[in-house]
Amino acid sequence: MKNKYSIISLIKNSFSYHENWQKAWGDPEPKKEYDIVIIGGGGHGLATAYYLAKKHHIKNVAVIEKGWIGGGNTGRNTTIIRSNYLWDASAGLYDHALKIWEKLSQELNYNVMFSQRGVMNLAHNLQDVRDLKRRTHANRLNGIDAVYLNTEQVKKFCPIINTSPDIRYPVLGGTLQRRAGTARHDAVAWGYARGADEMGVNIIQNCEVKGIKRSGDSIEGVETTKGFIKTKKIGVVAAGHSSVIANMAGLRLPLESKPLQALVSEPVKPIIDTVVMSNAVHAYVSQSDKGELVIGAGTDDYVSYSQKGSHDIVEGTLNAILELYPIFSRMRMLRQWGGIVDICPDASPIISKTPIKGLYFNCGWGTGGFKATPGSGDLFAHTIANDEPHKLNAAFNLNRFISGDLVDEHGAAAVAH
Amino acid sequence: MFLIHCPYCGEREQSEFKAGGEAHIVRPKQPTELSDDQWAEYLFMRKNIKGVQFERWVHTHGCRKWFNMVRDTSNDEIKAIYKMGEKPPTK
């Protein structure tokens, strides 16, 4: 049983100089056999294990992670959370996640620092205006809060934006989702890890998958750097490396893995109290609680697993940032990094069974998976436990690439690819 | 961020080029006879290899010609470049 985090436990631990806090999760050696093995210890994988134990009472579960938990895309994204997607299927999926976010800190007894500071998407040309208005209407029909703002309203909501009509891509309007915002990305992984560990899930770090053992069309187990682990069900949540795992199982996926970059500035006083995204000029920015500007760049157009990305992508993004926010012209950038994102042809994820019995994939989140972490884990746990998708993720099956029933979200994905 | 030796123009920065995805995916000879599974395989399914991969690239801001490349996607090292229609290197 984990001790509850509270003001009282904080005071109590201050007497021992905070040196005797209970471990948030253990460091077990893998058992010989598990009911379910989750490959990938990011937010989505840990959330899956958490909900398997909590909602489906399957506790003989291992999460295996080749590095450290939350060290992949969970720790590399720009932490933006929103649900203003166009199609009904996506609206259901992302708003399900947003509703869990709203109560997540209380549920996990772990402060994920969810901040509903609003997300504003800008329009820079007539087509943007039409698309964003259409999306606003679609959102409202699906019960998702969305409003369309004209240029003056954009300026009022975020005064540092340059709304002058003579810039290269003038701001013609925008949409605002007030329930949207940001969260502390590491805390999401840690909170789920702590919760899952408490219920008996084994979190095994520094354990890389080397092969998937099949007999005919069913699963027998996984070969790892810590030995063979027997299991009948595997849930793969390996983000950019999903195709690598799929190849081990002899399965093909409609994915391409590409570097996506982000960067943060030196910390400054509060200057931007919301998240502003611009699809057309490809710049999005928010400010972390430490005061750093958090800036998201675009993907490179070539397949790469190098976690680097090209310099010209960053340059293009900063050009756009400077035109929209001249006030940032003297800011210095502190860090830049890349993550490998697995992109589906329709910019929607796959949370699905596969032709191989007992093998499940949760992948293809592309450039926007962080926002869906709790919902993704919940629905993937449902899919694995029942061997059937939940109605909210039924549309996101692998079969849609054969049937042609795609969920085209390139417009709402906000990162052009 | 790397340099690419265009077979027509010589060495240029990668930002002058555009990647065209996996190479040597042959368009089905008789499209009308294809099943939905085969269409999906042709249209969407990709090897997406971590390691040595065969790709198509185009020199967008240069000669605008297409060519093939063999590249290690784990570290972006280019192994070989050859023109369209030429046989891929075996080694």
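How many salt bridges does the rule give over all chains? The count comes to 25, where a salt bridge is a side-chain nitrogen of Lys or Arg within 4 Å of a carboxyl oxygen of Asp or Glu. This is a predicted model, so to speak of a local feature takes pLDDT of at least 70, side-chain atom pairs count only at pLDDT 80 or more, and totals for chains, interfaces and linings use all residues. Residues are numbered from 1 along each chain as its sequence is written, chains are lettered from A and ligands numbered from 1 in the order written, and side-chain values use heavy atoms, with hydrogens and water left out.

**View 1. Chain A meets chain B.** Here 25 residues of chain A are in contact with 27 residues of chain B, contact being heavy atoms within 4.5 Å. The two chains bury about 2,200 Å² between them, 50% of it on carbon and sulfur atoms; buried area is the accessible area (1.4 Å probe) that two parts lose on being put together, summed over both. Across this interface the rule finds 14 residue pairs in polar contact, both residues at pLDDT 80 or more. A polar contact is a pair of N or O atoms within 3.5 Å; within protein, one must be able to donate a hydrogen and the other to accept it, and residues adjacent in sequence count only if both atoms are side-chain atoms. On the chain A side, the elements giving two or more residues are helix H7 (242-248), strand S12 (256-267), helix H8 (311-324) and helix H10 (400-403). Helices (H or I, at least four residues) and strands (E, at least two) are DSSP runs, numbered from the N terminus. H7(A) gives the largest share of that side, 3 residues.

**View 2. A salt bridge across the interface.** The rule finds 2 salt bridges between chain A and chain B. In one of them, the side chains of Glu41(B) and Arg252(A) meet at 2.7 Å, N to O. Glu41(B) sits in helix H1 (residues 36-43) of chain B and Arg252(A) in the loop between H7 and S12 of chain A, so the pair joins two chains. Glu41(B) is partly exposed at 35% relative accessibility, and Arg252(A) is also partly exposed, at 28%. (Buried means under 20% relative accessible area, exposed over 50%, partly exposed in between, with a 1.4 Å probe and protein chains only.)

**View 3. A salt bridge between two loops of chain A.** Asp289(A) and Arg117(A) pair up at 3.4 Å, N to O. Asp289(A) is in the loop between strands S14 (283-287) and S15 (292-299), and Arg117(A) in the loop between H3 and strand S4 (119-123), so the pair ties together parts 172 residues apart in sequence. Asp289(A) counts as exposed at 58%, whereas Arg117(A) counts as buried at 17%.

**View 4. One turn along helix H3.** Asp95(A) and Lys99(A) form a salt bridge of 3.5 Å, N to O. Both lie in helix H3 (residues 88-108) of chain A, 4 residues apart, about one turn of the helix. Asp95(A) is buried, with a relative accessible area of 5%.

**View 5. Asp128(A) without a salt bridge.** Asp128(A), in helix H4 (residues 126-141) of chain A, is buried yet has no salt bridge. Its nearest side chain of opposite charge, Arg135(A), is 8.4 Å away; Lys and Arg count as positive and Asp and Glu as negative, with His and the chain ends not counted. Leaving aside neighbours within four places in sequence, Asp128(A) is in contact with Leu122(A), Ala123(A) and Ala280(A).
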